[in-house]
Amino acid sequence: MSVFRNIGQSVPRIDGWEKVTGTFKFPSDLKVPGMLYGKVLRSPFPHARIIKVDTNAAKAIEGVVAVITAEDVPAAKIGEAIADMNILAVEKVRYIGDPVAAVAAVDEETALKALAAIKVEYKELPAVFDPEEAMQPGQPLIHEGKENNVAVFNHVVQGDVEAAFAKADVVVEDTFELPFVHQSYLEPNTCLASFEPGGRLNIWSPNQGPAWLRARIASLFGLKLSEVRVVQVQGGGAFGAKLPLTIEPICVALARKAGRPVFLANTREEEYEATWPRVPMKIRMALAASQDGTLLAKRSTIIADNGAYSNIAPGVLSTAVTRIDNLYRIKNVDNIGYLVYTNKLPTGMFRGFGNPQTTFAIEVLMDQLAVKLGMDPAELRIKNATRTGDVTVHGWEITSSGLTDCIREVVRRSGWDEKRKNKVPGRGIGLACCIHVSGNRGVYPSFDGSAAEVRISADGMVTVFSGEGEIGCGTTTVWAQIAAEALGIGVDRVRVAEVDSDYSPFGLGAYASRVTVIGGNAVLAAARDARRQLLEAAGEILGLAPDKLDIRDGKIISLVDNAVFKDFAEIATEACYRRGGTVIVGRGSYVPSNVTIADPKTKYGNIAPSYSFGCQLAEVEVDQETGKVKVLKIIAVQDLGRVLNPTLAEGQLEGGVAMGIGYTFMEEIITKEGRILNPNFRDYKLPVATDMPPIEVAFVETLDPIGPFGAKSVAEPALVPTAPAIINAIRDAVGVYVTSLPVKPEKLLAALEKRLEQE
């Protein structure tokens, strides 16, 4: 029987009622008096020099309040890892969708009319769209000074790779291609910006890192940090796309020029044409092993499509170059990565941050290796699995690993042995594994932790304040559970405040799988501090020693004889009055002590306090006449330390699998000479309910020593192994691998035809 009252319970989302009844206010619902509507003029050319921008006709339109070009915005360039993008294009444009000018008007119709009136004279330049082609000598340079259009080059070597390959009994090698895919959240990027009469700036935004947004905007516009207030409004999904700056600097510049509040929101087409989808990669990877299945070495070369600007993509490439090496006990690795500019939309972070791409490659290769060795693919993985206490080839300290248990659990639940032994024609079964960071660091070296406050009001209600925020993952519900558990009360007494930089503690935001571990530990520390203060107050009121008291089910009790003295709320009230009207405020912060910033060249270092593991299994049925694949079932087993909220955790896994199925079969941004051909929900195919197979979810609880109550991350890794598990199941069904996503029927038929030619 659980010792917890709130942890491990399927507490309904505390924001659920408003969302399902339609009363919840999303960023698109924002309205303030005097608000104008902004629109952005974007480049129609993939690569062109700007000769002239004439805004006179637009300014003359009635109802147009502000028109801005590059001359009206800060000259400093933006970009997290590499600042190479202007807020509005200067001198030339580098992709179709590059922002050139913007307007603010009394309504959207007038703003669109003004956009159409802006005259831009361009001189088209030669463009390049394929990263391998862009790397060749003589190709047009997209950014001056970047030789061969290479934005970033990584070469990470550990061990003696040549010697390991030389002594290997078996080597497998293949090439993998992973496409442009968009996060496709329901609500587009939005921003509302307004200057107060004294010059103070207010921003309402669904940005995933509100504190970071505040710092970047303040720096860009020459404001003090205290002169910028950011309120995070819960948005309709993000999946990594709402961390980089997109429209916020343009919105602020419009508000400054207009002297009135400005609301700016992307259209769906702009979301596909001008935001930051997953980095496409072409990966050549080789694995070496001994005859008994022991992995000896790995070698890979990654060519990643950066698009026109860098932003966070260098971090994505760095992750792709190293992360997957920590899944198994490989001691010799040699990985090369190129991040290459092209005249296409810029790419960036998307659930998994480079992990889905390379996990796809290695997990398909592991299947190939098992076939070549004549080994069971599950046994091969168990033999090489990273375990608790390991220090991996890149210096990751594994405080808990349930990887082998995850593999055994999918095998047990699936009837693996029986189905592999008694084959049904056209049907197959396959599995794949993953590792992911749980609280990645290195993003903000000066302070990469989190802080929280827990306030107990005079009537005993509790409010949690954090700077991390909610982006749809259920964060606020889990924090309410953590605070309630630490305080000995029910979740119904706890609310979680929205992030408002005027009163929220510092937090870097919801990304890098850091919220549960980093932010959750800060909430736990703050709640424990509030509990300590409340028990001290109770001790004073009751005339007893605080260490002889406890809080259970909202009551102050004696640890000596379990006698019940007073209600939590009664003590909170008396404590408030005895303290001159001040309420109890618990404060806590958390910076993991076991983490180092990885060396920028070798990438060696323990980059997260803990690491999550998972294994997924797919069963498929393949029609060899049509090339169509039906996924019959997915089993997803995740090591997430401790399950804080089973329903929310199951939802994350089911959502991740759905994304993984979309990644496998249908999702792809299709471009032609830099133009997006499917920038909408009609032509960009996403999985719907009828595409979903039964999904069986289970958890392995390793009770990690770092996370709050033993928890680790779950959301990002949930989609990582889905695609390779399906590919391995297809191979089991019909004997061919498709190593280029998405798996369309024509690709599978081509692979089958090729196999027939070789037989």
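Student: How many salt bridges are there, and by what rule are they counted?

Tutor: A salt bridge is taken as a side-chain nitrogen of Lys or Arg within 4 Å of a carboxyl oxygen of Asp or Glu. By this rule the count comes to 42 salt bridges. The model is predicted, so local features need pLDDT of at least 70 and side-chain atom pairs count only at pLDDT 80 or more, while totals for chains, interfaces and linings use all residues. Residues are numbered from 1 along each chain as its sequence is written, and side-chain values use heavy atoms, with hydrogens and water left out.

Student: Which residue meets arginine 514 in a salt bridge, and where do the two partners lie?

Tutor: The partner is glutamate 468, with an N to O distance of 3.0 Å. Arginine 514 sits in the loop between strand S19 (494-496) and H15, and glutamate 468 in the loop between strand S18 (462-466) and helix H14 (475-487); the pair links distant parts of the chain, 46 residues apart. Helices (H or I, at least four residues) and strands (E, at least two) are DSSP runs, numbered from the N terminus.

Student: Are arginine 514 and glutamate 468 buried or exposed?

Tutor: Buried means under 20% relative accessible area, exposed over 50%, and partly exposed in between (1.4 Å probe, protein chains only). Arginine 514 counts as buried because its relative accessibility is 1%, and glutamate 468 counts as buried at 0%.

Student: Which residues are linked in a network of salt bridges?

Tutor: The network links Glu196, Arg200, Arg229, Asp500 and Asp502.

Student: How does one describe the packing of H15 and H16?

Tutor: Two packed helices are described by the angle between their axes and the distance between the axes. Axes are lines fitted to C-alpha atoms, for helices over the stretch in contact, and angles run from 0 to 180 degrees between N-to-C directions. Helix H15 (residues 515-542) and helix H16 (residues 568-578) pack at about 80°, with axes 9 Å apart. H15 is therefore roughly perpendicular to H16 (angles under 35 degrees count as roughly parallel, over 145 as roughly antiparallel, 65 to 115 as roughly perpendicular and the rest as oblique). Contact means heavy atoms within 4.5 Å; the residues making the contact include Leu534 and Ile541 of H15 and Phe568 and Arg578 of H16.

Student: What is the strand order of the open sheet, and which strands stand at its edges?

Tutor: Strands of a sheet pair through backbone hydrogen bonds, either parallel or antiparallel. Two strands pair if DSSP finds at least two bridges between them. The open sheet has four strands in the order S19-S18-S17-S23, with mixed pairing. S19 and strand S23 (584-590) stand at the edges, each with a single partner strand, so one side of each is left without a neighbour in the sheet. The twist averages 20° from one strand to the next. Strand S17 (residues 450-456) runs antiparallel to S23, joined by seven bridges, and valine 454 stands opposite glycine 586 in S23.

Student: Which helices lie on these strands?

Tutor: H14 packs on the sheet and touches S17, S18 and S19, its direction making about 140° with that of S19. H15 lies across S17, S18 and S23 and runs at about 145° to S23.

Student: Where are the backbone exceptions in phi and omega?

Tutor: Most residues other than glycine have a negative phi, and most peptide bonds are trans. Phenylalanine 353 has a positive phi near 50° and is buried at 19%. Glutamate 673 has a positive phi of about 50° and is exposed at 60%. A cis peptide bond joins leucine 741 and proline 742, with omega about -5°; proline 742 is found in the loop between helix H18 (722-734) and helix H19 (745-758).
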